[in-house]
Amino acid sequence: MTARIWESQEEAGEKAAAEERPSTVGDEEEDEKSAVKTHADDRTTGSFLHAVINMVGMLIGLGQLSTPYALENGGWASTFLLVGLGAVCAYSSCLLGKCMHKNPKSRDYKDIGNEAFGSKGRIIATTFIYLEIFMALVSYTISLHDNLANVFATFTLNSPHLSASQLLALIAVLVALPSLWLRDLSSISFLSTAGILLSLVIFSTVAYTAISGAVEAHRYIPVLHLNKIPAISGLYIFSFAGHIVFPNLYNSMKDPSKFTKVSIVSFSMVTVLYTTLGFMGAKMFGPQVNSQITLSMPHNLIVTKIALWATVLTPMTKYALEFAPFAMQLEQSLPPSIKSRTRMIIRGTVGSILLLIILVLALSVPYFEHVLSLTGSLVSVGICVIFPCAFYTKIFWRQISTPLLLLNLILITFGVILGAFGTFSSSRSLIRSLQRGHTS
């Protein structure tokens, strides 16, 4: 389903490229009507339920691995921050839907930025989108490396250049590389469904571990660690990151007027899941909880092995889908005279190089919680909170009410402050970890 959303975006992008070709003045009005009509016709017959499943699938990911760690480090009172950020991100998702409704020709997040602030808005939105995708894939690859090391704990390698876990991560990435060469996303649409199912498997295994009594959930959770809030805020905000795809989801709906309800239902479900998982993990493992909950589970349990494999396979389902928006932009920027086969080779080569660069970074900076927190504070808070509020305020400047204007300005200020403190805190922790790694 998520693949179909990207596919719709690709088709819309190709139509947009065609519309940029020279036309006569007399044809402009007809072209505009045709573009709007075609855009409406491109909508799939996605139902309300399909939209909810898609949005939940986009939101659930690395956040469920790190929430127990974040809750334990921030204290149980930080749950109010988690729930509050879920509500804020649901609200900003609704704002994106209203921006899409305002201009039926808008196709994606970048178009909303362009409508609000012109070419500068598009450039800023594009930069943050690609930066979030890149940093998220680095975090996924770190998770892949860490969990593979536990799956094959007995595997050893005598090499001065690569450790056993690094070699395993390299092999896994090479296995995933061919998926980047596929242009037709419908042929790999199963990856989207697989990603959702794997996330549910991870949640189910953690829940089973707690409910079955395999690990007694009696650990004390502190009330609040105020000094750690800036760092964990990045983990919390990343847990709700998915806004770059929401405009495409809006366009895939049969009845886009229900997008607000879809956002409320989806974010409510995900917030409940994160909160439940956070408390279960923190109560079971206390201060010893790992930044990835699967690494804290007892190694002798069958459910632990299932959870580890699910966590290993999740990044491998994400690479092709996360790379899709960049690949589409790359193909649209190529001259139309280039043959389809050549386009595929360029797309696959660039994707393979980028993924190998991501692997090198992940192995060089193997600090999952710090990289994920930095991603949330530096990039995701802008995409999820600051930009949607700013875009909506600019686009609806003449119609916006005073209370809504004040709310948006407060949220923009809140996002900037939270992002600044979170970025400083996570960057400092990351630098310290790197320094300790080099001295050890």
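Ring pairs join Tyr-109, Phe-117, Phe-128, Phe-387 and Phe-391 into a cluster. Two rings of Phe, Tyr or Trp (its six-membered ring) pair if their centres lie within 6.5 Å; planes under 30 degrees apart count as stacked, over 60 as edge-to-face and the rest as tilted. This is a predicted model, in which local features need pLDDT of at least 70 and side-chain atom pairs count only at pLDDT 80 or more, while totals for chains, interfaces and linings use all residues. Residues are numbered from 1 along each chain as its sequence is written, and side-chain values use heavy atoms, with hydrogens and water left out.

The structure holds 10 aromatic pairs. Among them are these two:

| Pair | Centre to centre | Angle between planes | Class |
|---|---|---|---|
| Tyr-109 and Phe-391 | 5.9 Å | 65 degrees | edge-to-face |
| Phe-246 and Phe-267 | 6.1 Å | 85 degrees | edge-to-face |

Tyr-109 lies in helix α6 and Phe-391 in helix α14 (residues 368-395), so their pair ties together parts 282 residues apart in sequence. Helices here are DSSP runs (H or I, at least four residues), numbered from the N terminus. Tyr-109 is buried at 1% relative accessibility, and Phe-391 is buried at 4%. Buried means under 20% relative accessible area (1.4 Å probe, protein chains only).

Thr-126 is also found in helix α6 (residues 109-151) and is buried at 17% relative accessibility. A polar atom of the Thr-126 side chain lies 2.7 Å from the backbone oxygen of Arg-122.

The whole structure has 0 disulfides, a disulfide being a pair of cysteine sulfur atoms within 2.5 Å. For Cys-89, the closest cysteine sulfur is that of Cys-384 at 4.8 Å, too far for a bond.

Conventions. Helix = DSSP H or I, 4+ residues; strand = E, 2+ residues; numbered from the N terminus. Buried < 20%, exposed > 50% of the residue type's maximum accessible area, 1.4 Å probe, protein only. Polar contact = N/O pair within 3.5 Å; in protein donor to acceptor, adjacent residues only side chain to side chain.
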